[in-house]
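Grab a pencil and open the viewer.

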Amino acid sequence: MVTHESGGHHHPPSGFIRKYIFSLDHKVIGIQYYVLALFSVFVGMALSLLMRIHLVWPSAKMPFTPGGQMTPEQYLALLTMHGSIMVFMVLTTAPQSGFGNFILPIQIGAEDMAFPVLNMLSFWVTFLSLVVLISAFFVTGGAPISGWTAYPTLSALGQIAGPGQGAGQTLWVIGVAIFCIGALLGALNFITTTVDLRTKGMTLGRMPLTVWSWLITAILGLLAFGVLLAACLLLLLDRVAGTSFFIPGGLVVTDTPIVSHTGGSPLLWQHLFWFFGHPEVYIAILPGMGVTSHVLSTFSRKPVFGYKAMVGALSAIGFLGFCVWGHHMFISGMSPYSAFAFSLLTMTIGVPSAIKTFNWLGTLWGGKIRFTTAMMFGLGFVSLFVTGGLSGLFLAQPSIDLYLHDTYFVVAHFHLIMGVASIFGIFAATYFWFPKMFGRMLNETIGKIHFWFTFIGVYTIFMPMHFLGLAGHPRRYADTTGVNFLAPLHSVHYFITIAAMITITAQLLFLFNFFYSMKAGQKAADNPWNATTLEWSIPSPPPFDNFAGHIPVVYRGPYEFSVPGATDDYIPQHVTPERVGKAH
Amino acid sequence: MPGTITDEIEIIDAGRGGGNDIPAGGDDDGEGPGGGSPGIPQRAYFTVIQLGLAGIVMFFMALTSSFLVRKGLGNDWVTFNFPRILWLNTLILLASSITIQIARRHLHEDQRAAFRRWWSVTTSLGILFLAGQFIAWRQLAGQGVFLVTNPSSSFFYVLTAAPGLHLFGGILALLYVSHRNWQRARISQGTAADVASIYWHCMDGLWVFLFALLYLGR
């Protein structure tokens, strides 16, 4: 391996606090983000399980509910916190900040992120935002009930709008604003690191698609979170200072006229929120696309089909993501001409999405496929991306959306495409990089059982929701027993709840596998998958400064598998042309 | 399944950034809370400040579009007497952009005393600007115009406080540049001064834009 000496000095920290708590090492910070997301995902799943149980057995005794029975407001509080925790603390955090932090610097041949202190700050600011968000459960009135989108006027009026809309909603706004700051700091570091810290030979055209996806995601975050931060600032002022940015005049809430506000626009919040909110969908899923491309290529023993097209498609999806926020607001009374424009732009996203799907299939075609757990989750990602994406084409039509808006069809759509597909990307990444991160292999048998339970499970949960939506079932109803036209659909809810219970239980397999393998798993080789990118050229787990002071030089693209004439079916990026000649 | 391609170490002089000829590492001395972090090229500081400014611009564009939308919504927008001190404030900030350039020139010519003098003048002008903003708020309060009085005043306070906060950050950066012990820094003083001045000029431009928005849209 040809290397060059790094410019800095590298002393691993010795104390526990500096090593594991306030660490500057990108790898430790990546694991911190991952653990934060892991904790959050189980909290989020627990909340969803409580909701599912309540929907099927509305009179069932529930933990943490005064009187033992869940009220509609408590159901909405669970719903709000489930969405907020999952979107911000899991889907935004694990794929980008978790894996991106750990892997990106190594994949580009850097010893750390560009600004390690900023990196540490990003994590702790994010941690603070999680604490503030979760503390909403424990204040008077409990957690907010306005959903993860926090639409005014419900979110802006305060306590009078319902339980949880007092201190709980204020904490939500502050928590999300803090999260924005953490995400912005993180985005700065990701982009700067990718732009300025690539090793010699790591040209843009040789960057792994994972790095491309983290880079584009960071750009989206940089441009989107500032807007949400501004929106949160205005909402907070409406709540605590009495301004009227989002609150219109003439409101009467439970017979009480709201006279202190005039002229504000709830739609203004929706525009600001969705200008952030739609790119946020891609912030969640783009890293999964990168990981899937990477994993599919590695385990098909073939180069990624259409590398440049994949980069172009990632960029196009990222760009178009900023042009389509209006499709969340088709029923807000917008001009049909605006709706047409937003509809057309939304459907345009289908083009780069189809390119990606086609290229994933092209990568698999004729490959010597190894069905590792990581590969299976990668394939699962493709499946879910297609399934969830297709329902997006329905919702992109304003005339159809008028009917489907706020029904379970939408719940099914965004869970498949934004939630579960992204989670599959996280699982693929976990099974793929766990050996590098912890120096031990995850158990493949448990992994495959976990995959099948999860894959079948998520389809059995979310496919029926499409039919609920088509039948006109509104979302966010805490109890459907009193609604006549929903009565025949109760059995579908029953089916979904049982599926959810099994699927969530199956995640304990993953949890067991994760922690057991960390301690007692089979020792991992440096390159257990015979992969090509730079992280596999160093020990597992990597040393403190990644390359022990000798930064590798890159000679080739990231996916040189099954090169004709070569004796091995992979050529790592750092192997010199001379070495290839000798070895092959 | 370990591969058969073996590694051998050959240390050569090489660069960063995907193959250009800038030497690896920066001027990092390896000191840090965690026991050291690797060196980075000085251009990374320029990259990060430009990216940071892009994020800041998005934040203010969101506020600007909110201003325009909210103003166009209804008939509850009330005009108030624009505080005259904001004109002076704007001149002060524009002057500070000139003084920071003079300071930078002296630094690059290694005229340290002149640099410190002009850098201090810039810092003082920044503090003067913040004091002027505070006086403007006092003048508005004197008219009975507060944050919640009217959407126009709400935006006035938000669109003067937010850049004020950002400029406060700029003043901290100026103080950092003038008081840092550069023997132990990862970033050189010249780079730090350049980066701080880029931020300062942009805050200056941003304020001029917001001032025009507030004045014309009041």
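**Exercise 1. How does the reach of helix H2 (residues 85-108) of chain B compare with the span expected at 1.5 Å a residue?**

Keep in mind that you're looking at a predicted model.

- Step 1: H2(B) has 24 residues, and at 1.5 Å a residue the expected figure is 34 Å.
- Step 2: From first C-alpha to last, H2(B) reaches 35 Å, close to what was expected.

**Exercise 2. Which residues of H2(B) are buried, and what covers them?**

- Step 1: Look for residues with 20 or more other C-beta atoms within 10 Å of their own. In H2(B), that picks out B:Leu86, B:Asn89, B:Leu93, B:Ser96, B:Thr99, B:Ile100, B:Ala103 and B:Leu107.
- Step 2: Now find the cover. It includes helix H3 (112-142) and helix H5 (189-216) of chain B.

**Exercise 3. Describe how H2(B) packs against H5(B).**

- Step 1: Two packed helices are described by the angle between their axes and the distance between the axes.
- Step 2: For H2(B) and H5(B), the axes come within 10 Å and cross at roughly 160 degrees.
- Step 3: Angles over 145 degrees count as roughly antiparallel, so that is the word for H2(B) and H5(B).
- Step 4: The crossing is left-handed.
- Step 5: Who makes the contact? On the H2(B) side, B:Leu93, B:Ile100 and B:Arg104 are among them, and on the H5(B) side the residues include B:Trp200, B:Asp204 and B:Trp207.
- Step 6: Sorted by class, this contact has ten nonpolar, seven polar and three charged residues.

**Exercise 4. Where does B:Asp76 lie, and what is it in contact with beyond its neighbours within four places in sequence?**

- Step 1: B:Asp76 sits in the loop between H1 and H2 of chain B.
- Step 2: Count its C-beta neighbours inside 10 Å: there are 15, so B:Asp76 counts as partly exposed.
- Step 3: Leave aside the neighbours within four places in sequence, and B:Asp76 is in contact with A:Thr262, A:Gly263, B:Asn150 and B:Pro151.

**Exercise 5. How do the axes of helix H7 (residues 209-240) of chain A and helix H1 (residues 43-73) of chain B cross?**

- Step 1: These two axes come within 8 Å and cross at roughly 45 degrees.
- Step 2: That angle makes H7(A) oblique to H1(B).
- Step 3: The handedness here is right-handed.
- Step 4: Among the residues in contact are A:Leu223, A:Gly226 and A:Ala230 of H7(A), along with B:Gly55, B:Phe59 and B:Ala62 of H1(B).
- Step 5: By class, you get 14 nonpolar, three polar and no charged residues.

**Exercise 6. What angle do helix H8 (residues 266-300) and helix H9 (residues 307-320) of chain A make?**

- Step 1: Their axes cross at roughly 175 degrees and come within 11 Å.
- Step 2: H8(A) is therefore roughly antiparallel to H9(A).
- Step 3: A:Tyr282, A:Leu286, A:Met289 and A:Ser293 of H8(A) meet A:Met310, A:Leu314, A:Ile317 and A:Gly318 of H9(A).
- Step 4: This contact has six nonpolar, two polar and no charged residues.

**Exercise 7. Is A:Gly419 buried or exposed?**

- Step 1: A:Gly419 lies in helix H14 (residues 408-438) of chain A.
- Step 2: It has 24 C-beta neighbours inside 10 Å, so A:Gly419 counts as buried.
- Step 3: Skipping neighbours within four places in sequence, A:Gly419 is in contact with A:Met86, A:Leu91 and A:Phe414.

Conventions: Residues numbered from 1 in each chain as written. Chains lettered and ligands numbered in written order. Predicted model: local features only at pLDDT ≥ 70, side-chain atom pairs only at ≥ 80, totals over all residues. Axes fitted to C-alpha atoms, helices over the stretch in contact; angles between N-to-C directions. Helix = DSSP H or I, 4+ residues; strand = E, 2+ residues; numbered from the N terminus. Parallel < 35°, antiparallel > 145°, perpendicular 65-115°, else oblique. Left-handed = near helix turned anticlockwise from the far one by under 90°. Contact = placed C-beta atoms within 7 Å. Nonpolar A, V, L, I, M, F, W, Y, C, P; charged D, E, K, R; others polar. Buried ≥ 20, exposed ≤ 12 C-beta atoms within 10 Å, placed from the backbone. Expected span 1.5 Å × (residues − 1).
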